[in-house]
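Please work through the exercises below with the sequence and the structure side by side, trying each task before reading its solution.

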Amino acid sequence: SVGDLQCFPALAALPEVPDCVVVAVGKDGVEAVARDCASLGVGGLVVYASGYAEVADASGAAAQEQLARIGRDAEMRIVGPNCAGIAAHSGGARAAFAEFRTAIPPGAKAIGLVSQSGALGLSLSQAVAHGAAISHVLSCGNSCDVDVADYVAYLAADAECRAIALVFEGVADAGRLAVAARSAAAAGKSVVACKLASSPAGAAASRFHTATPAGTPEDFRALCAGTGIVALDRVETLIETAAFFAKLPAAAARTAGVGVISASGGTAILAADAAARHGVALPQPAEGTERALRGALPGFAAVRNPCDVTAQAAAQPDMMVACAHAMLADTRIGALVVPWGRTIQGDVLARLGAAGKDAGKPVCIVWMSQWLEGHGAADAMADPGIALFRSMDSCFAALAAWHGRGAA
């Protein structure tokens, strides 16, 4: 025994056949364990060991093919080899040697994270420390059997997951990933993907990491165009972009116009520039909206879009909330962007999120402060009615992607 846990000398001595076996032995011992599992009728394996197809030695590829054959013959699914494992909050399953923190608060609009790389998946999953809601962390390593397409298809049907964040090097069969992405779209879930190995140097490095076919950037663009996958160039924006799509109101109309309210003239200008770069329209307020803004703002404020509500909003937070309601009520505006250059006190965030919920439109906070974890940052990330972004570009890129999907 280990503490209060009873132990058994062999798999055959267990009182029932396990659905999943974590194979935490070195490569030389994996095949024997896999054969024992196959003979018992085990449902699936998670294999951590490395030294398979990712090494230059041909024997590694042969060993991986042999492991895959054992699984196929027994109809026993295999995650790995050369993987960090999985964590699935919805089922309470943690079969990983990495410390994937996946607990999500009730009512959270969580994302499922799929990462071919275990270490990268661990790094991204640590976003829960600043408020992100992540329902699953699923890594697959060399993907001798289960691959990212299987994970996307699984998450498409999982009730805890509202959007899927995918970071991967390649797949053996892009058609299967396309089918999985379409299943997610049919379930109302966006797939936001960052494709690694987009350069010749990256593809060469991938050969010695998971040995999966990297494909070409053109292949990836075609896959995204045909399935609605939201493609990202930078992994740094993966979690916040996926969270944006997870938090979109269910019935939100993709009205192309975006409203901006800011307590800083400088960040208002940055927002206008970013909107122009990404082709996002900033329509000027309708007559009724303009009247409402003028009624809420001091005479020296810029009553337009972007709307500079001035630093007076720091002393009078009701002013910011009133302007948010006015902008969100405008039929030309389908989303609201609020750049924030200082820490947030009080209940302003919650009131902004509630305003978006009432209007059925997304509210995006762009955290401009270099105090990255300043007061309010984690609250904004955790709020189910607010999408938090760390840069103006990533915010408007997400909005442009949303609008583009609506046009398609």
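**Exercise 1.** Determine whether N82 is buried or exposed, and describe its backbone.

Solution. Begin with accessibility: N82 has 17% relative accessibility and therefore counts as buried, where buried means under 20% relative accessible area, exposed means over 50%, and partly exposed lies in between (1.4 Å probe, protein chains only). Finally, turn to the backbone, where phi of N82 is near 60°, a positive value in a residue other than glycine. This is a predicted model, in which local features need pLDDT of at least 70, side-chain atom pairs count only at pLDDT 80 or more, and totals for chains, interfaces and linings use all residues. Residues are numbered from 1 along each chain as its sequence is written, and side-chain values use heavy atoms, with hydrogens and water left out.

**Exercise 2.** Find which peptide bond is cis in the loop that holds P81.

Solution. P81 lies in the loop between strand 3 (77–79) and strand 4 (85–88), and the peptide bond that leads from G80 to P81 is cis, with omega near -5°. Another cis peptide bond joins N305 and P306, with omega about 5°, and P306 is found in the loop between helix 10 (287–296) and strand 12 (307–308).

**Exercise 3.** Describe how helix 4 and helix 5 pack, and name the residues that make the contact.

Solution. Two packed helices are described by the angle between their axes and the distance between the axes. Helix 4 (residues 148–156) and helix 5 (residues 174–186) pack at an angle of about 15°, with axes 8 Å apart; axes are lines fitted to C-alpha atoms, for helices over the stretch in contact, and angles run from 0 to 180 degrees between N-to-C directions. That angle makes helix 4 roughly parallel to helix 5, a label for angles under 35 degrees, while those over 145 are roughly antiparallel, 65 to 115 roughly perpendicular and the rest oblique. On the side of helix 4, the contact (heavy atoms within 4.5 Å) is made by A149, D150, V152, A153 and A156, and on the side of helix 5 by R176, L177, A180, A181, S183 and A184.

Key: Helix = DSSP H or I, 4+ residues; strand = E, 2+ residues; numbered from the N terminus.
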